[in-house]
Amino acid sequence: MTRLELRDVRKSFGALEVLAGVSLDVGAGEFVSILGPSGAGKSTLFQLLTGALKGEGSMRFDGAPLDDHGARFAFMPQRDALMPWRRVIDNATLGLEVQGLSRRAARQRVAPLFAGFGLAGFERAWPAELSGGMRQRAALLRTVVQQRDMLLLDEPFGALDALTRAAMQRWLETMWQGNRWTALLITHDVREAVLLSDRIYVLSARPARVVSEVAVPLPRPRTESAALAREAAAIEAGILDTLLGQPIPISRSSDGELK
Ligand SMILES: Nc1ncnc2c1ncn2[C@@H]1O[C@H](COP(=O)(O)OP(=O)(O)O)[C@@H](O)[C@H]1O
Ligand SMILES: [Mg+2]
């Protein structure tokens, strides 16, 4: 079942054309990535989804025009995810408090999740006392606890060192397998997109449009075997060729198999 459906979504800032007509779908329980170069317009697309910006084109959710933006999406922004003056638990409750829950009720909702997010014992810590990976898990906890229809994750691991990023990607894949959130992830990391996604939309440089849609029909978890790693590497190579303007060696046949 299709949840999010974008058709020919466009956005310009004055003379600067950023989105030149983006069309994409996200199904229920699907993990979809938007992969594109920096400055392409990826974050702008999320701002259109959350209603922070207005654009043109069609945005539909569950078959109806998307007008109640805030109620649909739990959004994890690219920067400034945690407020440094709030303790970790009070950062985690923020989205729920915005929804109208009392802080006490919100704390009761988030507290049991700390262990699964690798944050047990850090409820009363300040964000500055956490490692980069822990901060991102706290931001993700705050996002998923809102129990919206869909997660929007804007380069959640972009600022982490390579090793922490790899650990976080594996952790997110495990969490997603357990929860089957409907998720749309922005990234410029090809490997991250292939590891996490059911499907990937590859965007051109600005003004952005979809240049390729790539299915990733690999079993999960994706980090298990060398054979899987080789298949993933082949998909990555195909996407890199697309991004770098080479012929596309990967296409999807009608039965969904990668060729
Ligand atoms: N509010 C804004 N006003 C003017 N230009 C903007 C605004 N937001 C983003 N841009 C410009 O739009 C382009 C795309 O930005 P962005 O969506 O952040 O790219 P990405 O997330 O893909 O790196 C950039 O050139 C950026 O400078
Ligand atoms: Mg961005």
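Q: Is phenylalanine 75 buried, partly exposed or exposed, and at what relative accessibility?
A: This is a predicted model. Start with the cut-offs: buried means under 20% relative accessible area, and exposed means over 50%. Phenylalanine 75 has 29% relative accessibility, so this residue counts as partly exposed. Phenylalanine 46, at 0%, counts as buried.

Q: How many aromatic pairs does a search of the whole structure find?
A: A pair of aromatic rings is described by the distance of the centres and the angle of the planes. The search finds four aromatic pairs. Take phenylalanine 46 and phenylalanine 75: the centres are 6.0 Å apart and the planes at 80°, so this pair is edge-to-face. Phenylalanine 46 is in helix H1 and phenylalanine 75 in strand E6, so the pair ties together parts 29 residues apart in sequence. Phenylalanine 61 and phenylalanine 73 are also edge-to-face, with 5.7 Å from centre to centre and 85° between the planes.

Q: Which residues coordinate the magnesium ion (ligand 2)?
A: Look for donor atoms within 2.8 Å of the metal. Here they are Ser43 (OG) and Gln78 (OE1), at 2.1 to 2.4 Å. Serine 43 lies in helix H1 and glutamine 78 in the loop between E6 and H3, so the pair ties together parts 35 residues apart in sequence.

Q: Which residues touch the most other members of the largest nonpolar core?
A: A nonpolar core joins buried residues through side-chain atoms within 4.5 Å. The largest one has 36 residues, and those touching the most other members include Val110, Phe114 and Leu141. Helix H6 supplies the largest share, six residues. Another core, of 26 residues, lies apart from it, with Val9 and Met59 among its members.

Key:
Residues are numbered from 1 along each chain as its sequence is written. Chains are lettered from A and ligands numbered from 1 in the order in which they are written. This is a predicted model: local features need pLDDT of at least 70, side-chain atom pairs count only at pLDDT 80 or more; totals for chains, interfaces and linings use all residues. Side-chain values use heavy atoms; hydrogens and water are left out. Buried means under 20% relative accessible area, exposed over 50%, partly exposed in between (1.4 Å probe, protein chains only). Helices (H or I, at least four residues) and strands (E, at least two) are DSSP runs, numbered from the N terminus. Donors are N, O and S atoms within 2.8 Å of the metal (3.2 Å for Na, K and Ca); water is not among the atoms, so sites may look incomplete. Rings of Phe, Tyr and Trp (its six-membered ring) pair if their centres lie within 6.5 Å; planes under 30 degrees apart count as stacked, over 60 as edge-to-face and the rest as tilted.
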